[in-house]
Amino acid sequence: MRYLKALRQRLEKLPCQPAQDQRYQASLTALQQAYQQRCTAYPAEQSLPEQLQAVRWMLEELRVSYFAQTLGTAYPISEKRLYRALQDQ
């Protein structure tokens, strides 16, 4: 539910801050691509390690941090933390 609220806030802010939205989305796209590359390194029949599964939720928290700051995040999150988590895989 929280992620849907975050999406609503993003849509409300979009007309006022389109350039900032684009910057944030570019950052998220790069992180999502890095995440997908890590995921494809594992065979389809093998489940992903818990730490890598956690990265997916970290991406969602970063999305909240970027687009719906007033909702707050479940834990401290940043691009740097995500890249570090991906490198540890």
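The legends below describe close-up views of a predicted model. Residues are numbered from 1 along each chain as its sequence is written, and side-chain values use heavy atoms, with hydrogens and water left out. Because the model is predicted, local features need pLDDT of at least 70 and side-chain atom pairs count only at pLDDT 80 or more, while totals for chains, interfaces and linings use all residues.

**View 1. The nonpolar surface patch that includes Met 1.** Met 1 belongs to the segment before α1 (2–13), helices being DSSP runs of H or I with at least four residues, numbered from the N terminus. Met 1 is exposed, at a relative accessible area of 70%, where exposed means over 50%, buried under 20% and partly exposed in between (1.4 Å probe, protein chains only).

**View 2. The largest nonpolar core.** Of its 16 residues, Tyr 35, Val 55, Leu 62, Leu 82 and Leu 86 touch the most other members. Two or more residues each come from α2 (18–40), α3 (50–67) and α4 (79–87), and α3 gives the largest share, seven residues. Such a core is a set of buried Ala, Val, Leu, Ile, Met, Phe, Trp, Tyr and Cys residues joined through side-chain atoms within 4.5 Å.

**View 3. The surroundings of Tyr 42.** Tyr 42 sits in the loop between α2 and α3 and, with 24% relative accessibility, counts as partly exposed. Leaving aside residues up to four places away in sequence, Tyr 42 touches Leu 48, Pro 49, Leu 52 and Gln 89, contact meaning heavy atoms within 4.5 Å.

How values were computed. Patches are made of residues with over 30% relative accessible area and no salt bridge: like charges are joined within 9 Å, nonpolar side chains (Val, Leu, Ile, Met, Phe, Trp, Tyr) within 5 Å. Accessible areas come from the Shrake-Rupley method with a 1.4 Å probe; for residues, only the protein chains shown count as cover. A salt bridge is a side-chain nitrogen of Lys or Arg within 4 Å of a carboxyl oxygen of Asp or Glu.
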